[in-house]
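Please open the model in a viewer and keep the selection tool at hand. The stops below are given in the order in which they may be selected.

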Amino acid sequence: MKFFYPLFIHLILGGWMALFAQQLDMDALKAYPFPNELTASATGSRIAWAFNEQGQRNIYVAEGPTFTARRLTNYLQDDGQELSSVAISADGKWVIYVRGGDHGSNWNDDLPVNPSFNTTPTKVQVWSIPFSGGEPKSLGEGENPVISPKSDKVAYSRGGQIYTVPIDGTAPATVLFTARGTNSTPVWSPDGSRIAFQSNRTDHQFIGVYTDAQTPIKWIDPQFKRDQSPRWSPDGQKLAFVRTNGLGGKPDSILARRPNLWSILTFDFTTGKTTPIWTSPKRLNGTFPTTHGTTNLHWAANRIVFLSYHDGWPHLYSLTESGGTPLLLTPGNFMCEHIQLSSDKKTLLFSANAGTDPLDIDRRHVVKVSVDRADMQVVTSGSGLEWSPVLTGDGTTIAFIGATPQRPPMPHVLTLTPNSAPQLIAADKLPTQYPASALVTPKQVTYKTPDGFTVHAQLFEKTGGPSKKPAIVYIHGGPPRQMLLGWHYSDYYANAYAMNQYLASLGFVVLSVNYRLGIGYGFEFHNPKNGGGYGASEYTDIKAAGEWLAKQNQVDSKRIGVYGGSYGGFL
């Protein structure tokens, strides 16, 4: 990721730092490790994740009941090669991952990155390594790997085609077939005998099914539509998938607000029949969801579950195989993110800005719900933040990544027994002298814009200092993001959180603004009538933030600055 810091900060800091002798040391503040890609095996209690330790990116694993963290790979250079698509085979014996690329970028995320200017850039490759330890083996250049349910093969995409390779690397990868378009996102059938995939033809998109070299590809109800997210039924006899309209149509004003409607369909391999089982309402909040995981379609135990915005919030619903009225699983004014289906297909785990504390709207907590009834339970609570939950294959433990306003993100486990408390794992990876005690707790701030919107923000301020302090407005990028009352689940915004803490330590009052177009506050906030290219109402939110700061008693109204990155820099 690329980080940009405006010139004005460097110009201001020189004179101001002399007034605060106890400001944070930037190197010490940025020494935190950052975990992501948390995953669990479908059986047993094995988990894996990626750790970025000051540029050294490695795979770590742990196993219940002790969950002692163990480094599995040995990449000891700060070479900018990210680790993504971490997964454990169903039998728990293998860990796979992709090394290289920039999968958090807006485009070209599968291209090599070369920040150290080596004459031969590192290739973007799929790797496997035994969970018990050993040397990683390259399975070939590519991305989006998925492991067969038999734990013997890996399918992945490369150059618009689908490849398979033995998971132990004992034979080279082979291309399964050659088809037009960009073929990607392979999905194994439950018995591992077939692979469903998406074939993107630019203005339309098909779902295909590959069986073997002697059987022609089966195209599932091909039309001039855009079909995606194929999901197998547990018995492998049906597929569910999502359909939207293809590109094109008669020209219309670019200012016309139109919903991108979508449907869920099933295909029966026995009858060859395709059946629509649900269509989004024909209104703006029935549009195709653009939050994390989009529709989050899963074929669960006798239910089909999905995410939709049509009640005003990104919530989870479930349907019977035949359709009907969907059951709302997660009622309330909050959003669902980082959604995972348990290996027994009976429970959904996710993170949400939900809880009993009014401040939870600006946090994340772990939540679980059954796929067939609205028995939602907020599993974690308090002033911390928790996200990316996974349930171990034996169903006894939830693993997640958690943080507080002072402690950076770290992996945790929580045993599903009465009165159990989260257990921090890999605690030794956090530097002993990490300056957690010097970090402030950001305060929730809300203010009204001139056109009546309520905007949430986080205020970073160190106690003491002069009676009038300079202030800074921080504008996040995206714009579909939400800044939180603690460390963020994105490495980019964890960096921004650290920067805001650093500026506060220098005596600045920092206001991090969740402006319109962002997530976390419902459909109308995420898709405002006059937002973005329809009128840039989010500019009003930022202007109002500066005006709010100027009215605060401790702020010098003549010294208010602003910084942001990506869309935030543009804004």
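**A tour of the predicted model**

Begin by selecting β17 (225–232), β18 (238–245), β19 (262–268) and α4 (523–526): each supplies at least two residues to the lining of the second largest pocket. Helices (H or I, at least four residues) and strands (E, at least two) are DSSP runs, numbered from the N terminus. The model is predicted, so local features need pLDDT of at least 70 and side-chain atom pairs count only at pLDDT 80 or more, whereas totals for chains, interfaces and linings use all residues. Residues are numbered from 1 along each chain as its sequence is written, and side-chain values use heavy atoms, with hydrogens and water left out.

Within this lining, β18 gives the most, with three residues. The lining divides into 12 nonpolar (Ala, Val, Leu, Ile, Met, Phe, Trp, Tyr, Cys, Pro), 16 polar (the others, Gly among them) and eight charged residues (Asp, Glu, Lys, Arg).

Next, select β9, β10, β11 and β12, which form an open sheet in that order with antiparallel pairing. The edges are β9 (143–147) and β12 (174–175); each has a single partner strand, so one side of each is left without a neighbour in the sheet. Strands pair if DSSP finds at least two bridges between them; three bridges join β9 to β10 (residues 153–158).

Finally, colour the chain by pLDDT, the predictor's confidence in each residue, from 0 to 100. The mean for the chain is 94, and 96% of residues reach 70 or more. Over residues 1–21, however, the pLDDT is below 50.

Methods
Contact means heavy atoms within 4.5 Å.
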